[in-house]
Amino acid sequence: MTREMRSTAAAEPDRASGLDRMRALYHGVPLPRRLVAALVLVTVVAVTALVTGFAVPGAVGTTLVLLMAFAALMRSLDSFVTVLVCVVWLAVTVPLFQIPLTGEPVTLLVLPLPLLVVLAAGRAREFPVWHTALLSLTAGLIAGFSVALAGMVVDPFSASWGVVALYAAAGACLLWRLSASRQITRESEANRREAASSMPVSRSDRPRRADGPERRGRPQPLRGRSDAGAGTARPTGGGAPDDEPVPVDQALAELEDMIGLDPVKQQVRGIAASIEAARLRADAGFPVERPLRHLVFSGPPGTGKTSVARTLATIFHSFGLLPTSRVVEAQRADLVGEYLGATAIKTNELIDRSLGGVLFIDEAYSLVNEGDGQSDRFGNEAVQTLLKRAEDDRDQLVVVLAGYEKEMDAFLASNPGLASRFATRISFPSYSADELFRIAESLVHQRGDTLEADAARALRRRFDQVVQREVVDDLGNGRFARSVVEKAAQARDVRVVTTGVDGDTPAPRPEAEDLITVRAADVEAAHAELTSRLPGFGAAPGIDEALAELDAMIGLEPVKQQVRSIVAQLRVAKLREEQGLLNQAPMRHFVFSGPPGTGKTTVARVLGRVFSALGLLGRADVVEAQRADLVGEHLGATAVKTNRLVDRALGGVLFVDEAYSLVNPGYSGGDAFGAEAIQTLLKRAEDDRSRLVVVLAGYPAEMERFLASNAGLSSRFNVRVRFPSYSADELTEIAEAVAARTGDTFDDTAREDLRSIFGHVCGAGWIDDLGNGRFARSLFEKACSHRDLRVSQERGEDATAVELTLVTSADVRKAYAEATQQT
């Protein structure tokens, strides 16, 4: 068994960083070959420099420095930083000492100092080598250069004493650092002995099997699932009694009793199975290492990460991998000190308290807080100390790092040591509405309360709402369910106590049943209080209001009929689902085909409100897009851009106008960018069909060709709504409605001219090119512009309200002439 048992997911190649892969390749080459390659490279550089006229010593020296830096980087990041510190220090120090010691051979003594300091710094094991080297070399440079400069001014002193001061100051700083390291070690040992005295059984105290000489010297074997309680060593000395191990099957049963978290349960069962397999291999006589591993828990808050950590601690304790099932919870404040150096002490003390159990660090990503572009030195010191102790004490400690998924990804990527030592990752999903309802029901029963039938329905409806609107993570998942139960009980108590209070008349004594019954009003009050802080979190728009908006639109009778049919199907599907009947998935994606200006975007908004009112979408928002919003500047960028657009539209409606432009036959060799956008859109439309409605819109003929270009389009977008052109009477009605909204009117002659103009453009087949409803609006706006100019010139300040709001025939004719000239 390897030192670090990686999960299947963690062992995949794409999870390893490029630097890790490079290091694996580097160390796969034998050392003699690496040395020969370096020698060949130095020789080539020297010959090249000689031929080209460059300084050979400078070229060779630079190459050697680069090779050393590369070799250090392949070893570890700390080694690379150490080499970098030494090179930069030499590049600064040697020229500085040439000022007071020009041409003096004593300046050569400066060169070996970085190597000597690094060798000594390696003895201060509690601190990073580069950090100790940086402090010592900086102190030496300041002291030595100051003495050397003083030697230039003060006669009794020689400038060469600066080199002595350089070594003395660096040595003094090293002695201070070594003393601090020993102090930390002594305190850690004292804390460890104190922790060991409180633990009745240590690794060496546990009884070993006497199966034969081949067993001697091996770690204490693992216990099996059923023998967790057998052969447990009892406390010795004055320590507190060890907690009795719980059988593994019982610990797993407790995990199974938790509501939801199916992926988590599967991963924990896999961990238990791997430990059991290691025990069986040990029993068969095969050498194994203790299968302890450090873990990463990623997921939103309130999803049971701490509870699962306690279950894992129980499992490790039951198998005999840990002396106790204790879980020590910590955050950044428990690891980071008030000054550099104190953080290492504080982190070591926390780890010492956790030895023999599990250390659970919540919001671990906060240890790398690089605000304002500044590195977090305190957090980095805590991480380095934690990594060292996680490796040194890996047989006595399990560390769990927990936090949000994206933040934990960035945190693990910030340090190669984190990704390698914390290779086992467990992802916690958000709770579904059904799981939240089951949690709330369980909590109500634990309190001894009862839910009325109406209260249960209200509770389920509200959980559906927070999940559909994708705010369940903001509210805290399981914590939200607990808060709703507690707030509802509080609202119940207020209602029961205050019911019947009238002035000075005391309230009647409530019935016993009222004291434990939660009603729908209590649930609604609790939900309103807990969600009031969320912006825009109110009642979903009603279906009747949405359909009333549709009916208020002028014309479009075939569209209205088809939309009402769609609404009826969605309503029936919702009713069948609520009654537990088999049901096909409701239609989600639509094609709107028709000329411009026929209300396609408005009808899309109506559909969004209908889906939101039925609980099929989290919100009624419509995100409008065109080809430029989906297609990137190069292949690969299109998928990223399309995914971002879909992410922005999740929970609402994505309206893609002129969707046919995604298939542009004008490109030689095909439209690869548009095809990439279509494939990405199709995949997301299918994967996120429960959270997204997609509407593709455009001209009828072009949309037919577009849908025929891809079989996936025609199959997923099989509901087509056809928008007809407006008639002359409908356009006249639209113009009058637009005028009425601003308090304007047409006189009788102007109204007749409108009908004549609209009849002419419709009869000539120009109305689609002019934009249908947009043309009616534009014609009115241009007529108002001519009316305003006329009134201003003729009446000026003396104009009456009628003159300011009346559009005449002359205004309409001038507007039409202007519109036809522009088109």
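Helices here are DSSP runs of H or I with at least four residues, strands are runs of E with at least two, and both are numbered from the N terminus. Keep that in mind for what follows.

What you see is a predicted model: local features need pLDDT of at least 70, side-chain atom pairs count only at pLDDT 80 or more, and totals for chains, interfaces and linings use all residues. Residues are numbered from 1 along each chain as its sequence is written, and side-chain values use heavy atoms, with hydrogens and water left out.

Start with the annotated spans. An unreviewed UniProt entry lists "transmembrane region" at residues 31-48, 54-73, 80-99, 134-153 and 159-178. Those positions follow the numbering used here, feature names are shortened, and annotations may be inferred rather than shown by experiment. Take two of them. Residues 54-73 are 90% helix and 0% strand, with end C-alpha atoms 28 Å apart. Residues 134-153 are 100% helix and 0% strand, and their end C-alpha atoms lie 29 Å apart.

Now the sheet. Two strands pair if DSSP finds at least two bridges between them. Five strands form an open sheet in the order β9-β10-β11-β8-β12, and the pairing is parallel. Which strands stand at the edges? They are β9 (622-625) and β12 (719-722); each has a single partner strand, so one side of each lacks a neighbour in the sheet. On average, neighbouring strands are turned by 20 degrees against each other, direction ignored. Axes are lines fitted to C-alpha atoms, for helices over the stretch in contact, and angles run from 0 to 180 degrees between N-to-C directions.

Four bridges join β9 to β10 (residues 653-656), and the two run parallel. Ala 625 stands opposite Val 656 in β10.

Next, a helix on this sheet. Contact means heavy atoms within 4.5 Å. Helix α27 (residues 700-708) lies across β8 (590-593), β11 (693-698) and β12, at about 125 degrees to β11.

Last stop: His 589. This residue lies in the loop between α22 (557-578) and β8. Is His 589 buried or exposed? Buried means under 20% relative accessible area, exposed over 50%, partly exposed in between, with a 1.4 Å probe and protein chains only. His 589 has 3% relative accessibility, so it counts as buried. Leaving aside residues up to four places away in sequence, His 589 touches several residues, including Leu 692, Arg 716 and Phe 717. Its C-alpha atom is 8.1 Å from that of Leu 696, 107 residues apart along the chain.
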